[in-house]
Amino acid sequence: MDGLGFTASLVAGGVAGVSVDLILFPLDTIKTRLQSPQGFKRAGGFRGIYAGVPSAAIGSFPNAAAFFITYEYVKWFLHTDSSYLMPMKHMLAASAGEVIPFSLVQFPLWEFLKAFWSRRQERAVDSWQSAVCGAFAGALAAAITTPLDVAKTRIMLAKPGSSTASGNVLSALHGVWRTQGLPGLFAGVLPRMAAISLGGFIFLGVYDRSRSVLLEFGRECP
C-alpha cells in the first residue's frame with residue numbers, strides 16, 4: 001500500500017467514524033437501555049440520549065482511522081486472486097483491525113456482496129452500492145451477535161460483586177437464558193439491527209466515497 005492509499009484510508013476512516021457516531025449514538029443508548037435488567041423506563045427511557053455524543057465523535061476519529069489503515073494494509077499484504085481464500089483474507093484483515101465477532105461477520109460479508117454486485121453489473125460498485133452492501137452486512141452481523149451484546153450489556157450493568165460482574169460471558173449468557181429464555185438473549189435485536197444496518201450504510205458508504213475522492217484528488221495533484 002503506497003503513501004496515498006495510506007493517507008486516504010486514514011482520513012476516510014476517521015470521517016466515516018465521526019459521521020456514524022454523530023447520527024447513531026442516540027440509538028445505541030436506547031438499545032442499551034432496552035437490554036438493561038432494570039427495564040427501559042428505569043434505565044432512563046428517552047432521557048439524555050444525546051449525552052456524550054461530542055466526546056464519542058472525537059474519540060471515534062482515531063479509532064476508525066486506525067481500524068481502516070490496518071484493514072486495508074492486511075488486505076494488501078495478503079493479496080490473493082483465489083475466490084476461496086478471499087473470505088479468509090477479509091476475516092483476518094477485520095480481526096487485525098478489531099478483534100470482535102461482529103467485525104468477523106460484517107466485513108467479509110460486505111466484501112462478498114460488493115464483489116457479487118460488481119460481477120453482476122460487470123463494473124466496480126458505486127459508493128451508494130457499497131453503502132447498501134454495508135447495510136445488509138451490518139444487519140446480519142447484528143442479528144447473529146446480539147446474544148453476545150446482551151451479555152456484554154448485562155456485565156457492564158451488573159452490581160459490583162455479583163457473579164455477572166465477574167465478566168464471564170458464558171455465565172452471563174446462561175443467566176439470561178435461565179431467567180428469560182431465547183427472547184432475553186435477543187432482547188433489543190430489532191433496534192440493534194436497524195441501528196447497525198443504518199450505521200453500516202453510513203460508515204462503509206462514507207468510507208468508500210471519501211477514500212475514492214481522496215485517491216482521485218491525490219492522483220490529480222501529485
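Which residue forms a salt bridge with R123? In this predicted model, numbered from 1 along each chain as its sequence is written, local features need pLDDT of at least 70, side-chain atom pairs count only at pLDDT 80 or more, and totals for chains, interfaces and linings use all residues. Side-chain values use heavy atoms, with hydrogens and water left out. The partner of R123 is D126, with the closest N and O atoms 3.3 Å apart; a salt bridge here is a side-chain nitrogen of Lys or Arg within 4 Å of a carboxyl oxygen of Asp or Glu. D126 is partly exposed at 31% relative accessible area, and R123 is partly exposed at 41%; buried means under 20%, exposed over 50%, and partly exposed in between (1.4 Å probe, protein chains only).

Salt bridges that share partners also join E72, K75, E111 and K114 into one network. The structure holds 6 salt bridges. E72 pairs with K75 at 3.7 Å between the closest N and O atoms, and the two are separated by about one helical turn because they are 3 residues apart in helix α2. Helices are DSSP runs (H or I, at least four residues), numbered from the N terminus together with strands (E, at least two). K75 also meets E111 in a salt bridge of 2.9 Å, N to O. E111 lies in helix α4 and K75 in helix α2, so this pair ties together parts that are 36 residues apart in sequence. E72 is buried at 11% relative accessible area, K75 at 16% and E111 at 10%.

Helix α4 itself has 21 residues and reaches 31 Å from its first C-alpha to its last, close to the 30 Å expected at 1.5 Å a residue (1.5 Å times one less than the number of residues). Just after α4, E122 takes a positive phi of about 60° although E122 is not a glycine. This residue sits in the loop between α4 and α5 and counts as exposed, at 74% relative accessibility. Q129, in helix α5, counts as buried at 3%.
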